[in-house]
Amino acid sequence: MTEPASFVGRCRDSAGLLVETDEDRPSLEATRFGAEVLALTGSGPEAADLGFVAGARRGPAYAMHRGGELSLGATYYALRLHELAGIAVPAPAETGAWVASILVRDGSVGVDMDDLFYGIRSLLILALRLDRPAEDAVREFLGRCTADGGGCALEPGHSADIERTYCAVAILQWLGADDDQLAAQRHAGFATACDDGRGHIKMRPAEPAWSLASAYWGARTVQLLGLPWRWEALGSAVRECARPDGGYSAHDESTLWETYCALRVRRITAVRQGQPT
């Protein structure tokens, strides 16, 4: 069995840039998750990774692929890569203003839960906040995305899932008021219901499917809420997804994304069980 860092190395193209195993060109997404794996295994982003980030910036924000459209997801990935490398973000106030302008428009959230999460995480890295009316708009949007029994959805009227529940819990804790903390705790029952009893965390309580991604989102939700959990069973289920190439997958071919998810879950389970990381 080889190491995860070796798997990341095999995902680099001839220019040294990271390409996800099911894609054909470098992206900020592949670069971010490859760098996260490297950081989790004791190193961090390489010079080629940081060069790709610099080339992805256009004006105040970033595009997922060179020459692509600016997006909140790409901007968050770029800022996270700066954070992993320990280097300053260029023109942080300009980037923060762009993020805020995309998140809330005319007094309402103008994006879905995924982009809201990317935007809030970007502001967190930049040590910036929305103004009070915009934060209230975020609270109102989260409320409309919340199911009666807890759990959050991508958009109002959609089915709740563990991914967006994690996003909502993280955002509520970032907002930080007492009522926000209480609102976050209301999602505990939904998270618990996603446990299939065999160490897997499912996307939704009523659906059997699970993945390393749902395991990660679930573990983060449980971690943030401080819930009791069968950490040994979760860790065992994730370890079973290790592949001979050093990566992880719940299916056949390892991916950078799944490898990141698996290593994060393994780190969380080790910490929660008092084991060395």
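User: In this predicted model, exposed means over 50% relative accessible area and buried means under 20%; is D24 buried or exposed?
Analyst: D24 is found in the loop that runs between α1 (4–10) and α2 (28–40). Its relative accessible area is 73%, and because the cut-off for that class is over 50%, D24 is exposed.

User: Which residues gather with D24 in a patch of negative charge on the surface?
Analyst: D24, in the loop between α1 (4–10) and α2 (28–40), has a relative accessible area of 73%, and residues of a patch need over 30%. The residues that gather with D24 in this patch of negative charge on the surface are D22, E23, E29, D252 and E253.

User: How many disulfides does the structure hold?
Analyst: A disulfide is a covalent bond between the sulfur atoms of two cysteines, and the cut-off applied to such a pair is within 2.5 Å. The sulfur of C167, a buried residue at 4% relative accessibility, has its closest cysteine sulfur in C152 at 9.1 Å, which is too far for a bond. For C241, buried with a relative accessible area of 6%, the closest cysteine sulfur is that of C261, and at 11 Å this too is too far for a bond. The number of disulfides in the structure is zero.

User: What distance separates the C-alpha atoms of G197 and G68?
Analyst: G197 has its place in the loop between α10 (188–193) and α11 (212–225), where it counts as partly exposed at 48% relative accessibility. Along the chain G197 and G68 are 129 residues apart, and the separation of their C-alpha atoms is 43 Å.

Methods. Residues are numbered from 1 along each chain as its sequence is written. This is a predicted model: local features need pLDDT of at least 70, side-chain atom pairs count only at pLDDT 80 or more; totals for chains, interfaces and linings use all residues. Side-chain values use heavy atoms; hydrogens and water are left out. Patches are made of residues with over 30% relative accessible area and no salt bridge: like charges are joined within 9 Å, nonpolar side chains (Val, Leu, Ile, Met, Phe, Trp, Tyr) within 5 Å. Accessible areas come from the Shrake-Rupley method with a 1.4 Å probe; for residues, only the protein chains shown count as cover. A salt bridge is a side-chain nitrogen of Lys or Arg within 4 Å of a carboxyl oxygen of Asp or Glu. Lys and Arg count as positive and Asp and Glu as negative; His and the chain ends are not counted. The place of a charge is taken as NZ of Lys, CZ of Arg, CG of Asp or CD of Glu. Helices (H or I, at least four residues) and strands (E, at least two) are DSSP runs, numbered from the N terminus. Buried means under 20% relative accessible area, exposed over 50%, partly exposed in between (1.4 Å probe, protein chains only).
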